[in-house]
Amino acid sequence: MRPPLASNADERAPAPLKGKKRHMFGRRQDYEEDRRDTRPVPAIGPAPTQADSVPPPPPPRPTASSDVRKADAYYDLKREVFSALVDIIDVSQLSRMPADQARAEIRDVLAEVVAAKKVAISTAEQHVLLEDVCDDVLGYGPLEPLLARDDIADIMVNGSNKIYIEVGGKIQETDIRFRDNAHLLSVCQRIVSQVGRRVDESSPVCDARLPDGSRVNVIAPPLAIDGATLTIRKFKKDKLTLDQLTRFGAISPEGAEILKIIGRVRCNVVISGGTGSGKTTLLNCLTNYIDADERIITCEDAAELQLQQPHVVRLETRPANLEGEGQVTMRELVRNCLRMRPERIIVGEVRGPEAFDLLQAMNTGHDGSMGTLHANSPREAISRMESMITMGGFSLPSKTIREMIASSVDVIVQARRLRDGSRRITHITELLGMEGDVPITQDLFVYEVVGEEPDGTIIGHHRSTGIGRPRFWERARYYGEEKRLAAALDAAERPPRAFGSA
Ligand SMILES: Nc1ncnc2c1ncn2[C@@H]1O[C@H](COP(=O)(O)OP(=O)(O)O)[C@@H](O)[C@H]1O
Ligand SMILES: [Mg+2]
């Protein structure tokens with residue numbers, strides 16, 4: 001959970017409305033009275049007699065509210081209220097308050113904006129506006145039922161009336177709809193406001209996070225042509241374990257045993273795979289086997305890993321704010337890690353020049369460091385690392401970079417989502433060193449597809465490649481795990497017991 005953007009914000013907050021003494025919870029420290037836009041807003045409805053007095057308690061929602069909502073001026077005003085709200089209040093705190101209190105805070109800001117802008121608006125209209133802003137700020141509308149389901153991995157909203165979900169590795173369309181694109185955009189607004197951002201034409205792209213940890217990307221018009229597009233990677237509170245992966249057939253029991261040993265004996269591991277192939281899940285599994293006395297530092301774009309060890313420092317990158325400032329990149333985090341006396345460094349996702357720093361960490365005594373990256377095979381993972389470093393502006397000969405990779409990374413674990421939606425660990429591959437200019441790899445364990453059921457289910461099995469002594473054998477011995485490793489490798493050589501003994 002990100003820390004609140006402002007904590008002791010009350011001191012510098014603007015003077016509240018005349019006669020109001022209540023503290024404004026979560027006010028931003030940097031909010032200044034003069035930042036408020038005081039341009040007049042077109043009037044909607046008849047002007048109340050005392051425009052800047054404190055409104056009386058709101059009457060019930062008027063039945064004609066839908067007419068009120070249709071006016072353009074209404075939406076303009078709503079947008080202004082929303083902007084002011086994001087400026088004045090740390091909206092992420094609002095969602096953590098009791099609903100009544102949050103609503104009262106929003107009502108205060110609304111009253112301030114209406115007063116400051118000298119908007120002519122009736123109490124009834126003000127109430128409708130309050131409800132509307134509250135819905136946007138405190139609820140996710142049509143997405144709520146999808147967010148409540150635990151079996152959904154991703155939610156993909158392509159404009160107001162096309163919503164897809166991923167269940168069991170397969171994408172399916174839902175019958176859920178937003179009222180219109182404006183409604184969808186307001187829900188997007190609500191989501192990104194929690195990280196202190198806005199989406200609009202001037203800043204149409206934003207990454208955010210739901211309070212439950214789910215990762216969200218929003219891209220709005222004009223960049224998204226058919227309406228705001230929202231992608232949510234749902235956060236799974238109960239991460240899958242290696243035993244569960246074994247039960248699902250993602251890996252065989254022997255393969256799982258080998259992975260457990262790799263995690264324990266401090267091999268440097270790169271987990272490679274496509275989007276949604278289960279890389280993060282697998283990384284989380286591997287960290288389960290790290291000894292409890294090791295100091296571990298994790299670097300992530302959005303904290304997803306759930307390490308069970310007591311001695312863990314969790315770091316998170318930070319995107320630039322609205323003014324384009326304050327960004328902290330993954331590279332900066334990883335470099336900083338090195339000054340924190342880590343024993344292992346775990347990088348959630350390696351996408352850029354931080355590859356260099358992770359490899360250096362692996363190479364300089366932080367054995368057992370791990371990271372995931374996007375590639376479709378172990379060999380491709382090696383070239384991905386090379387190109388991430390080359391593109392990062394390091395002017396190193398490519399042979400030097402490859403040597404660095406080959407001497408740092410011990411094992412590449414490949415994850416893959418097959419076309420039937422199932423997720424499998426398809427390779428456990430070792431890096432052996434260089435032969436001339438080329439890094440040499442050796443598969444220990446592979447998944448072989450042998451056929452397909454009439455219903456499209458893929459038939460295959462995991463098998464060992466017959467390597468009796470992997471390169472990390474000595475390491476396993478040092479940690480007293482060589483018997484276990486030998487047993488797992490032996491067992492894996494037996495013909496597969498499951499289906500598909502073709
Ligand atoms: N072997 C598996 N079997 C079934 N579901 C899986 C498996 N591995 C991962 N998942 C699920 O797939 C989704 C994506 O996994 P994740 O590890 O976040 O992918 P990645 O990091 O590669 O994008 C998650 O909801 C996760 O629980
Ligand atoms: Mg991931």
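Valine 109 counts as buried because it has 21 C-beta neighbours inside 10 Å. The cut-offs are these: a residue is buried if 20 or more other C-beta atoms lie within 10 Å of its own, exposed if 12 or fewer, and partly exposed in between, with C-beta atoms placed from the backbone. The model is predicted: local features need pLDDT of at least 70, side-chain atom pairs count only at pLDDT 80 or more, and totals for chains, interfaces and linings use all residues. Residues are numbered from 1 along each chain as its sequence is written, while chains are lettered from A and ligands numbered from 1 in the order in which they are written.

Valine 109 lies in helix H4; helices (H or I, at least four residues) and strands (E, at least two) are DSSP runs, numbered from the N terminus. Not counting residues up to four places away in sequence, valine 109 touches Ala84, Leu85, Ile88 and Ile89, where contact requires C-beta atoms, placed from the backbone, within 7 Å. Valine 109 and isoleucine 89 are 20 residues apart in sequence, and their C-alpha atoms are 8.4 Å apart. Arginine 107 is also placed in H4, which spans residues 99–116. Arginine 107 counts as partly exposed because it has 18 C-beta neighbours inside 10 Å.

The chain as a whole has 16 helices and 15 strands. Of its 502 residues, 38% count as buried. Among contacts with a separation of 6 or more, 58% are between residues 24 or more positions apart.

Where are the nonpolar cores? A nonpolar core is a set of buried Ala, Val, Leu, Ile, Met, Phe, Trp, Tyr and Cys residues joined through C-beta atoms within 7 Å. The largest has 65 residues, and Leu259, Val269, Leu358 and Val413 have the most contacts inside it. Helix H12 (residues 354–363) gives the most to this core, with six residues. Valine 413 touches Leu259, Val269, Ile271, Leu282, Ile425 and Ile428, again leaving out residues up to four places away in sequence. Another core, of 25 residues, lies apart from it and includes Tyr74, Val86, Val91 and Val109.

In helix H11 (residues 330–337), the residues Met330, Arg331, Leu333, Val334 and Cys337 are buried. They lie on the same side of H11 because they cover an arc of only 160° around the axis; the arc is that of the directions from the helix axis to the C-beta atoms. The cover over these buried residues includes strand E8 (296–300), strand E9 (312–316), strand E10 (344–347) and H12.

Helix H13 (residues 378–391) has 14 residues and reaches 20 Å from its first C-alpha to its last, close to the 20 Å expected at 1.5 Å a residue; the expected span is 1.5 Å times one less than the number of residues. Its buried residues are Pro378, Ala381, Ile382, Arg384, Met385, Met388 and Ile389. These cover an arc of only 160° around the axis, so they are on the same side of H13. Glycine 393 follows H13 and has a positive phi, near 90°.

Ligand 1 is surrounded by 15 residues, of which Ala153, Ala250, Gly278, Thr280 and Thr281 are the closest; a residue is near a molecule if its C-beta atom, placed from the backbone, lies within 6 Å of it. Helix H8 (242–248) and helix H10 (279–287) are the elements that give two or more residues to this shell. The largest share, three residues, comes from H10. By type, the shell divides into five nonpolar, seven polar and three charged residues. Here Ala, Val, Leu, Ile, Met, Phe, Trp, Tyr, Cys and Pro count as nonpolar, Asp, Glu, Lys and Arg as charged, and the others, Gly among them, as polar.

The backbone comes last. Most residues other than glycine have a negative phi, and most peptide bonds are trans. Proline 221 and proline 222 are joined by a cis peptide bond, with omega about 10°. Proline 222 is in the loop between strand E5 (215–219) and strand E6 (229–233). Arginine 266 has a positive phi, near 60°, and is found in the loop between helix H9 (253–264) and strand E7 (269–273). Arginine 266 counts as buried because it has 22 C-beta neighbours inside 10 Å. Arginine 341 has a positive phi too, near 50°, and is found in the loop between H11 and E10. Arginine 341 counts as exposed, because it has 10 C-beta neighbours inside 10 Å.

Technical notes:
Two residues are in contact if their C-beta atoms, placed from the backbone, lie within 7 Å.
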